[in-house]
Amino acid sequence: MKRKLAGNAFLKSKLFWAIVAEFLILLVGFILRPDFLSIQLRTLADGTRVLYGTPIDIFNRSAEITLIAMGMTLVIALGGTDISVGALVAVAGAIALKFLRWDVLIYNTPGDYTVKPYFYAIAVPLIVCALMGLFNGSLIAKLKIQPIIATLILMVGGRGIAQIITNGKQFTTQYSPFKFIGNGSILGIPFPIIITLVVVVAVMVFVRKTSFGMFVESVGINPSASRLSGLKSGTIIMIVYTLTGFLSGISGLIYSSRISSNDSNNAGLGYEMDAILAVVIGGTSMTGGKFSLFGTVVGSLIIRTITTLVMYFGVVSEAIMAFKALIIAVVIVLQSEPVRNAIAKRRERRHLNIGGEMHA
Amino acid sequence: MNDIILEMKGMEIAFPGVKALDKVDFTLLKGEVHALLGENGAGKSTLIKCLTGVHRMDAGTILLEAKPIRPSNTQEAQRLGISTVYQEVNLCPNLTVAENIFIGRQPMKRGRIDWKTMNKRASELMGLMGMDVDVTRTLGTCSIAIQQMASIARAVDVNAKVLILDEPTSSLDENEVQHLFRVMNDLKQRGLGIVFITHFLDQVFAISDRLTVLRNGKLVGQFETSKINKLELVTSMIGKDINVIYSLKKAQPKEDAPQVLEVDNIGIPAKVEDISFDVKKGELVGFAGLLGSGRTETAEMLFGVTHPTKGEITVHGKRVQLKAPLDAILQKMAFCPEDRKRDGIIGDLSVRENITLAVQATRGFLHPMKRKEQEELADKYIRILSISTPDAEKRVGELSGGNQQKVILARWLATQPDLLILDEPTRGIDVGAKAEIQRLMLEMCEEGKSVIFISSELDEIIRCSNRIIVMRDMSKAAELDGDTQQAEILKIIASEDEKEVSA
């Protein structure tokens, strides 16, 4: 009895319908082109062997959004939003490339002179992005500025900062350790997937094995009661925004590594909305409170699957956005409360009928 | 002519695991105030929610003026003439009084809202309620009493036949309650049937004509108010002998017990004035006074919610600076706030999480309690406080008010405090739970803990306190012995501000 009820609760949950939606989209792809779901092991020119196929591609390419969306889940659970993440992706790329191509600035003749500051090219962007996250968090926690306004500052300013860092130039690099971040693979698994897995597990462990997750939910549900119960909501808010900034930094490194370049105008463009969408599809409410990191991963995969599907079937690039919007609209309708309840009720009724027949 | 306006017969409704209503009958006459009574979870709210279309009943019929109805939502119920004013004023605090009264049915003129007519009619309606207010004021800036009247004005104006008042008096002071009663009598004269839900038994006797008592989802009986006395009523509500409740004995702190808390002249200018008092180990100090007399403000200063700009707080002989509630918790203090919905419960979290929250807060999130530890702690307090919940994983928001209050108490007891500050812990909960909380406070004192007990109900203050501090106009008016008579306290509360007199 109890298990049946729990099962029913899951059936009514948004996460369940997100998973259903993901499988439906994959199924549509499979029906249209059976090779949509095939995975092969290919050998590249340099002899490395890499897993290849659309499912792998979906996992690989969803890395940037999944990483950011981990942080965004906590931000939204606190009842906030962070719209600066896309700009931070651009900042991370700009700083990384600045360090990788300091030769351009020092030597007059062109060429890949030195890549000695590789450590800095990784560490500095992450630190700067984390500090920018802390800046967001401080505005929100200390000055009580509304999150969307507070993060708007860096959303607008971030790309400008990225431009200033590189003097408005676009650098490229062929330094292979850097290119490995976005393009390399270990045991055939693309490196971005590995980074994502490590980060997702790390965040999940941090949030659920400590009491941090409960504190975030508590502050998100009832800030006043949380404070009276002794929670330091300011600290919690600053940690969450700092983490989100840091994760945007990782995302930015992957992005710039993929294109071996920095692109202050287009890097991470629209990521904030994709990340928010991933969180919401994953079942976390925009009003804050209870959250699901696993749901967010599913949400991010859905967004990437849609994009892949639309591109795979050669929809003209102008129409991609419209198609994407259409499918997302279907997913969200499927998840809406009246629809979920209606379906759960029908199933309940069917169960009752079956039960009745068995007794008869 | 006393004719039946509303009749409910054989009402039944079941929620997972409980029968919330079991063959309940209810009749409401035209022009009467009918009190609906019962402990928390007795089924009062469920019955009302069936009537207003929030819940679907499993069986039963509702007859409104002899015609069967089955409203499927509140709007439909309202169209049929059944209006409800809920305990928590559910209006929009950022709109004006007039807008709130007319929201959704604003008078229109040429496709636009006719502000002039709207404000004029709103003024008239509030005037009928005996309220002379500027209806263009934002509702949030008005007192709770005005907000309440606005929601009644709104409810009554939609040609209501039946008016349901769900705990309308729980946040009103004595004068405001009297005012509400005048309005209720007035509406009664106009032929409305009023269903009045309350926990204040005195008010039941003051205003109602008849009353219906529910217990555990079943009908206990329907009585003429004039033919039942308080003792019989309480006994029928809780189903056990009332004398158990009144046999509480005061705490007996030792003569030479050490001071737990010394407060010397603390205050915030223009808010609370110099407050001084002390609390001994094992002592229960009561705070009496009207709402807004500075009781809650004092408690908030003691708990680091607000910060006194002068004076000293000494805990266990050590002077302390309380920057945040956490500092107070670390000094072994605990604070159950007045507004448990806003400042107390974390509705979407489970009973277990709510109970362990404060303990966890003192440990910091990096040192989590083991799941098993949490479960033991939660189960322990569910048992001690007899919190009625199927299990510790239930969402707190789904429990009844009294049980929510017990969960908050459990959260604080779990921190093993030396000093417990309770701000109106018994408001809005039933007689049975009230007695349990009073008994619990006294038991704590016996165990050598100290309690500061804030309440608007003088009889419970007198019943429990060793000493009573009376607050008036944001300062301490008097400190009295625990054996003081009610009349004496009332005299102090009601007397004029001394400073004004001497000026």
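**Entry 1: the model.** I am working from a predicted model.

**Entry 2: the contact.** I looked up how many residues each chain puts into the contact. Chain A supplies 21 residues, and chain B supplies 26 residues. Next I asked which elements of chain A give two or more residues to the side that touches chain B. I found helix H11 (212-221) and helix H12 (223-228) of chain A. H11(A) gives the most, with six residues. I then sorted this side of chain A by class. I noted eight nonpolar, nine polar and four charged residues.

**Entry 3: the sheet.** I turned to chain B and traced an open sheet of six strands. I wrote down its order as E18-E19-E20-E15-E21-E22 (chain B). The pairing is mixed. Which strands stand at the edges? I found strand E18 (333-336) and strand E22 (475-481) of chain B there. Each has a single partner strand, so one side of each is left without a neighbour in the sheet. I also noted the twist, which averages 15° from one strand to the next.

**Entry 4: one strand pair.** I picked out strand E19 (residues 419-423) and strand E20 (residues 450-454) of chain B. They run parallel and are joined by five bridges. I looked up the partner of B:Asp423 in E20(B). The bridge partner is B:Ile454.

**Entry 5: a helix across the sheet.** I checked where helix H10 (residues 295-302) of chain B lies. H10 lies across strand E15 (284-288), E18, E19, E20 and strand E21 (467-472) of chain B. For direction, I noted that H10 runs at about 150° to E19(B).

Key:
Residues are numbered from 1 along each chain as its sequence is written. Chains are lettered from A and ligands numbered from 1 in the order in which they are written. This is a predicted model: local features need pLDDT of at least 70, side-chain atom pairs count only at pLDDT 80 or more; totals for chains, interfaces and linings use all residues. Two residues are in contact if their C-beta atoms, placed from the backbone, lie within 7 Å. Helices (H or I, at least four residues) and strands (E, at least two) are DSSP runs, numbered from the N terminus. Ala, Val, Leu, Ile, Met, Phe, Trp, Tyr, Cys and Pro count as nonpolar, Asp, Glu, Lys and Arg as charged, and the others, Gly among them, as polar. Two strands pair if DSSP finds at least two bridges between them. Axes are lines fitted to C-alpha atoms, for helices over the stretch in contact, and angles run from 0 to 180 degrees between N-to-C directions.
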